[in-house]
Amino acid sequence: MVDKEVLDPFVAEMRLVMKQFYPDGTKETDDFGRIVHGKQWTRLKQMLDSTKGRIVIGGDMDEDQRYMGPTVVIVDNPNDPLVAEESFGPLIPILPIDDLDTAIRIAGEVHRTPLGLYPFGNKQETERIMTETQSGGVSVNDALFHGVLPTLPFGGVGDSGHGAYRGRSSFDCFVHRRSVTSTPGWMEGLLDVRYPPYEGKLAKFKKMSELKPNFDRDGKVKFSLVSYILSLGTGSKTGGLVGYAIVFLSKFSARPPISPLR
């Protein structure tokens with residue numbers, strides 16, 4: 001999507017860059033590839049034939065060589081096949097829009113959770129786009145960067161996939177973190193809330209099991225050193241009391257050391 005106010009200079013700049021990159025065109029150079037096989041070439045050709053858009057750059061092709069040149073098409077409908085479907089080919093649709101509100105709305109209608117998002121603009125505009133949209137990753141003022149850094153997790157969200165890979169993320173993706181607890185017998189007295197009769201135990205159970213978030217609505221972590229010490233890091237007074245009780249019982253239930261023989 002491109003703002004209508006900059007559409008003409010944007011297309012003119014694309015023509016200029018194409019000439020700089022490929023002064024002799026894209027068909028006879030080794031710097032421009034071919035479609036992987038005939039079936040994919042035919043699919044791309046059908047997408048181009050079905051669009052109601054206007055080709056402003058490229059459009060040249062050769063089925064025998066599976067060649068399709070970079071093709072820029074201006075469309076007027078977000079339901080156009082070139083917008084609604086992923087081409088995985090050298091087809092670049094441009095949908096002119098009036099403002100940022102329209103762009104965000106259309107982005108959500110076309111695909112609410114794309115694999116990648118590539119916003120271009122000033123800091124205020126790009127931050128708003130990231131706040132009001134979802135995607136697997138984002139490259140701000142670039143169309144590739146987040147997808148090539150080997151240490152940065154790469155993956156989708158929602159319809160575009162689940163999980164991420166590369167670096168540590170590849171390991172974590174296939175690792176299950178198994179939770180293990182070990183309960184000593186002497187703790188049964190502290191855990192009587194789970195045994196019948198249950199009358200009058202609901203409030204106690206909630207205090208023991210519910211953990212309030214330690215951050216506010218803006219994501220800022222709430223931290224108090226006094227509360228942390230009193231609660232033993234559990235986040236609640238009840239949890240702290242239980243923790244101190246466990247420490248107390250552990251200390252005084254331990255066997256005294258055996259005196260050496262004289």
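In this predicted model, a polar contact of 2.9 Å joins the side chains of Asp62 and Lys27. Asp62 lies in strand 3, which comprises residues 61-62. Is Asp62 buried or exposed? Its relative accessibility is 17%, so Asp62 counts as buried, the cut-off for that class being under 20%. When neighbours within four places in sequence are left aside, the contacts of Asp62 are Lys27, Trp41 and Tyr67.

**The chain as a whole**

The chain has 262 residues, of which 24% count as buried. It contains 9 helices and 9 strands. Among the contacts in the chain with a separation of 6 or more, 40% are between residues 24 or more positions apart.

Three strands form an open sheet in the order 2-5-6, and their pairing is mixed. Strand 2 (54-57) and strand 6 (91-94) are the edge strands, each of which pairs on one side only. On average, neighbouring strands of this sheet are turned by 35° against each other, direction ignored. Helix 2, residues 38-50, packs on the sheet and touches strand 2, strand 5 and strand 6. The direction of helix 2 makes about 25° with that of strand 6.

| Strands | Sense | Bridges |
|---|---|---|
| Strand 2 and strand 5 | antiparallel | 3 bridges |
| Strand 5 and strand 6 | parallel | 4 bridges |

Ile57 has Val72 in strand 5 as its bridge partner, and Ile55 has Val73 in strand 5. On the side of strand 6, Ile94 stands opposite Ile74.

Which residues of strand 5 point one way, and which the other way? Thr71 and Val73 point one way, Val72 and Ile74 point the other way, and all are buried. This arrangement can be read against a general rule: in a regular strand the side chains alternate between the two faces of the sheet.

In soluble globular proteins, nonpolar side chains tend to be buried together. The largest nonpolar core of this model has 14 residues, and Leu44, Met68 and Leu91 touch the most other members. Helix 2 and helix 4 (100-110) each supply at least two residues of this core.

Met68 illustrates how parts of the chain come together. Leaving aside its neighbours within four places in sequence, Met68 is in contact with Phe32, Ile35, Trp41, Leu44, Lys45, Asp60, Met61, Pro90 and Leu91. Two of these partners, Leu44 and Leu91, are named with Met68 as the core residues that touch the most other members. Trp41, also among the partners of Met68, is in contact with Asp62 as well.

A second, separate core consists of 9 residues. Val2, Val11, Met14 and Val56 are among its members.

Note on methods. Residues numbered from 1 in each chain as written. Predicted model: local features only at pLDDT ≥ 70, side-chain atom pairs only at ≥ 80, totals over all residues. Heavy atoms only, no water. Pairing = 2+ DSSP bridges. Axes fitted to C-alpha atoms, helices over the stretch in contact; angles between N-to-C directions. Contact = heavy atoms within 4.5 Å. Core = buried A, V, L, I, M, F, W, Y, C linked by side-chain atoms within 4.5 Å. Buried < 20%, exposed > 50% of the residue type's maximum accessible area, 1.4 Å probe, protein only. Polar contact = N/O pair within 3.5 Å; in protein donor to acceptor, adjacent residues only side chain to side chain.
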